Amino acid sequence: MTGTRPSAVFASAAEAFAALVRRIPDGRWDGPGLGEWDLRSLVGHTSRSLTTVSTYLQSTAEREDVTDAADYYVKIQDYAAGMGAAAVVERGRQAGRDLGADPVATIEALVPRVLSELDQVDDPLIEVIGGLGIRLSSYLPTRTFEFAVHGLDIASAVDLEFSAPQEVLAEAAALATQIGVRLGRGPAVLMALTGRRDLPSGFSVV
């Protein structure tokens, strides 16, 4: 899949994530991360953008239930609500534990392995969380989005300067806007982006 835009941007995001993780100071892994997650759990959750791609590449969906990346986030909201917040938190904690004794080395090994797996495929119809069928080219931007958003979360947690590559930020910001429009919140997003009105407290598209 080398050379297609979703995979190229995903690769850029994954490599930026690995570079950020290398900069995490020693002794900070058990400190605060995001919400109920410590930093290890937050990094582990973010690393699932690698492991899920690898896992889902082994699957084949019978039908295309999800038409694009924004549609994925709209559909997944009901599934996540059904799981419950506690299950989402625990999944992140388990992902953190799965990083093992050397999280940096684990992620350093994951990135090239997953990118190599992507190089071997075209654009298969894969089965993702909730049993939904989606094209790989539609799923990868959702993982790029996760890298961009949680990369900023990780950097904030450990007081590091971080900015994802421009193409990653552009794709993630565009996707956030598309999700907002699909959820009926387009006017609020547009008014905020053009400086006309602040977003309501707690506003989120995910």
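Modeller: Let us start with a definition: helices (H or I, at least four residues) and strands (E, at least two residues) are DSSP runs, numbered from the N terminus. The model is predicted, so that local features need pLDDT of at least 70 and side-chain atom pairs count only at pLDDT 80 or more, while totals for chains, interfaces and linings use all residues. Residues are numbered from 1 along each chain as its sequence is written, and side-chain values use heavy atoms, with hydrogens and water left out.

Biologist: Where is the place of H150, and is H150 buried or exposed?

Modeller: H150 has its place in helix 6. Buried means under 20% relative accessible area, exposed over 50%, and partly exposed in between (1.4 Å probe, protein chains only). Because its relative accessible area is 9%, H150 is buried.

Biologist: Which residues does H150 touch, not counting residues up to four places away in sequence?

Modeller: Contact means heavy atoms within 4.5 Å. With residues up to four places away in sequence not counted, H150 touches L34, L42, H45 and T46.

Biologist: With which residues is T46 in contact, leaving aside its neighbours within four places in sequence?

Modeller: T46 lies in helix 2, and its relative accessibility of 0% is why T46 counts as buried. Leaving aside neighbours within four places in sequence, the contacts of T46 are F17, E146, F147, H150 and I154.

Biologist: How far apart are the end C-alpha atoms of helix 4?

Modeller: The expected span of a helix is 1.5 Å times one less than its number of residues. Helix 4 (residues 85-98) has 14 residues, and therefore should span 20 Å. This agrees with the distance between its end C-alpha atoms, which is 20 Å.

Biologist: Against which elements do the buried residues of helix 4 pack?

Modeller: V89, G92, A95 and G96 are the buried residues of helix 4. They cover an arc (of the directions from the helix axis to the C-beta atoms) of only 120° around the axis, and therefore lie on the same side of helix 4. On the other side, A86 and D98 are exposed. The buried residues of helix 4 pack against strand 2 (37-38) and helix 2 (39-56).

Biologist: Which element gives the largest share of the lining of the largest pocket?

Modeller: On a 1 Å grid over the protein atoms alone, a cavity is a set of points where a 1.4 Å probe fits but cannot get out, and a pocket is an open set with protein on both sides within 12 Å along at least five of seven lines; lining residues have an atom within 4 Å of a point. The largest pocket is lined by 31 residues, of which W37, H45, A80, V88 and E146 lie nearest its centre. Helix 2, helix 3 (69-83), helix 4 and helix 6 (136-157) each give two or more residues to this lining. The largest share, 8 residues, comes from helix 3.

Biologist: What is the volume of the largest pocket?

Modeller: Grid points are joined across faces, edges and corners, and a volume is the space filled by probe spheres set on the points. For the largest pocket, the volume is about 960 Å³.

Biologist: How many residues of the lining of the second largest pocket are nonpolar?

Modeller: Ala, Val, Leu, Ile, Met, Phe, Trp, Tyr, Cys and Pro count as nonpolar, Asp, Glu, Lys and Arg as charged, and the others, Gly among them, as polar. The second largest pocket has a volume of about 320 Å³, and of its 17 lining residues A173, A176, T177, L199 and V205 are the closest to its centre. Its lining has no charged residues and 2 polar ones, and the nonpolar residues number 15.

Biologist: Which residues line the largest cavity?

Modeller: A search of the whole structure finds 1 cavity of 30 Å³ or more. About 40 Å³ of space lies in the largest cavity. The residues that line the largest cavity are A13, A16, F17, F147, A148, G151, F162, A164 and V168.

Biologist: What is the phi of D159?

Modeller: D159 is in the loop between helix 6 and helix 7, and is exposed because its relative accessible area is 66%. Most residues other than glycine have a negative phi. D159, a residue other than glycine, has a positive phi near 55°.
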